[in-house]
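Colleague: I'd like to learn how to read a few features of this model with you. Could we go through them one at a time?

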Amino acid sequence: MKDHREPQTTPTLGENVSEAPYFIDLETAIKIACKTPLKLESETVPLDDAHMRVLSEDLASKVDDPPFDNSAMDGFAFIHEDSLDPPQTLTIVQTVQAGDANVATPISNTEATRIMTGAPMPPGATSILPIERCEINEDGTEVKLFEKGRPHFIRKQGENLTRDQVALGKGATLTPAKIGLCATMGWAKVPVFKRAKVAIISTGDELKFPGEELEPHQIYESNSFGLAGLVEWMGHEAVRYPAVADSMESLRHTLNKAGEACDLILTSGGVSMGEWDYVRKIMEEEGDVHFWRVKIRPGSPPLFGTWNTTPIFGLPGNPASSHVVFRMLVAPYLRASSAGGGPKETRLRVKLADPLKGDEKCLALRRIHIVTTGEFPLAYSTGPQGSGNLNSVAKADGLTLLHPGQSSNKGDWCDAIFL
Ligand code: AMP
Ligand code: MG
């Protein structure tokens with residue numbers, strides 16, 4: 001039988017565990033885990049392969065952006081003073097298009113250059129008027145300006161970025177805009193952290209592969225699939241192992257294999273205080289436990305340590321718990337291992353539209369649906385909040401951060417994160 005009551009003192013389950021910090025708050029748990037970060041090497045990849053990867057070095061621009069003064073509009077370029085008394089007529093002396101290799105002829109007073117967006121400014125020109133505010137005569141030799149010119153339609157060399165400026169720092173996650181910026185800065189390949197290989201090992205005699213015939217005592221194994229999704233979402237490579245039976249031998253065998261093949265191990269299940277909780281047992285006896293149990297609900301059982309030299313998180317088996325613990329504990333660890341890169345955690349204040357259960361000792365992470373279309377964000381419960389109810393996570397787009405003892409009635413405000 002598993003003991004689901006709150007133990008009042010550190011249980012003496014084994015030497016390693018009793019020495020390790022026990023039932024600690026989330027921030028402390030993250031700090032302890034981050035003392036054993038992943039050592040991710042760097043690799044250089046073409047921009048096409050760099051989407052959502054994390055820069056492993058600062059990236060300085062190889063050029064000024066823009067590299068030369070150019071027009072922000074299709075229209076005419078001229079000396080600004082020639083447009084101060086509209087309508088004014090100027091002589092068209094040339095046309096310049098974006099990509100013209102020839103340097104335009106310098107222009108003098110009463111002259112105008114027909115110019116396209118992105119074309120280099122002709123020397124001497126100090127203003128632009130968009131084509132909609134101009135009229136060209138029939139033979140195309142003159143232009144009448146109906147308004148004063150707009151000097152701000154000249155995009156000045158280096159106004160966005162200057163050469164050698166570090167526009168993207170180590171740890172930047174290469175979103176589509178940032179990928180584009182790499183190209184703007186002249187980088188065709190970029191240095192990024194290698195993706196970590198993350199082993200995912202579900203444990204439990206009751207687990208069956210989805211879709212197979214279930215016997216009455218069995219359930220479908222779901223955690224490894226959800227955790228694999230979370231690992232990939234964080235930008236790393238998930239290596240899912242077949243579910244392991246509750247025995248020291250099979251667990252030892254799989255942990256050894258996973259430790260050799262992967263940078264990080266995530267187990268699910270078997271980490272509580274029960275007789276059949278073999279992850280906890282094997283880590284006590286043969287691994288190195290750095291902490292066990294965290295003051296969060298759901299998901300208080302997690303363990304962190306090393307198996308030989310490989311960092312390992314023992315996540316709870318309850319499906320809602322394993323998901324929540326990944327988001328709150330494993331995700332910050334992975335971010336810290338790659339200079340803060342990866343999908344960010346977005347926090348906000350929400351007003352509870354349903355009452356939710358808080359906790360006296362633990363940070364309560366209730367699954368919520370957040371409606372942001374009103375005057376302020378409203379948080380609705382996604383239904384029964386049992387730690388086995390994965391549906392409550394599937395429906396959620398947020399988690400409450402109800403601090404220990406915090407009131408959580410309808411109408412109360414609390415911190416939350418977006419999922
Ligand atoms: P445990 O942490 O091993 O005590 O498991 C807690 C609960 O989660 C039990 O009801 C298990 O049957 C269930 N569980 C454990 N592992 C998984 C898994 N991989 N997929 C779905 N449910 C699981
Ligand atoms: Mg189990």
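Modeller: Gladly. Let's begin with a definition for sorting residues: Ala, Val, Leu, Ile, Met, Phe, Trp, Tyr, Cys and Pro count as nonpolar, Asp, Glu, Lys and Arg as charged, and the others, Gly among them, as polar. Keep in mind that this is a predicted model.

Colleague: How do the residues lining the largest cavity divide into nonpolar, polar and charged?

Modeller: That lining has 6 nonpolar, 5 polar and 4 charged residues. It is made of 15 residues, and Val54, Met234, Gly235, His236 and Ser338 lie nearest the centre of the cavity.

Colleague: How is such a space found, and how many cavities of 30 Å³ or more are there?

Modeller: The general idea is that rolling a probe the size of a water molecule over the atoms shows where empty space is left. Here the count is 1 cavity of 30 Å³ or more, and the largest cavity holds about 100 Å³ of space.

Colleague: Which residues have the most contacts inside the largest nonpolar core?

Modeller: Leu266, Phe291, Phe313 and Phe326 do, in a core of 39 residues. Helix α7 gives the largest share, 9 residues. At least three residues come from each of domain 1 (22-41 + 194-337) and domain 4 (347-418).

Colleague: And what should I look for in the backbone?

Modeller: Most residues other than glycine have a negative phi, and most peptide bonds are trans. In this model, the bond from Pro86 to Pro87 is cis, with omega near -5°, and Pro87 is in the loop between β5 (75-78) and β6 (88-96). Another cis bond joins Arg297 and Pro298, with omega about 0°.

Colleague: Where does Asp164 lie, and is it buried or exposed?

Modeller: Asp164 is in the loop between β11 (154-155) and β12 (166-168), and it is exposed, with a relative accessible area of 59%. Its phi is positive, near 75°.

Definitions and conventions
Residues numbered from 1 in each chain as written. Chains lettered and ligands numbered in written order. Predicted model: local features only at pLDDT ≥ 70, side-chain atom pairs only at ≥ 80, totals over all residues. Heavy atoms only, no water. 1 Å grid on protein atoms, 1.4 Å probe; cavity = no way out; pocket = protein on both sides within 12 Å on 5 of 7 lines; lining within 4 Å. Points joined across faces, edges and corners; volume = space filled by probe spheres on them. Core = buried A, V, L, I, M, F, W, Y, C linked by side-chain atoms within 4.5 Å. Buried < 20%, exposed > 50% of the residue type's maximum accessible area, 1.4 Å probe, protein only. Helix = DSSP H or I, 4+ residues; strand = E, 2+ residues; numbered from the N terminus. Domains from an automatic or database assignment.
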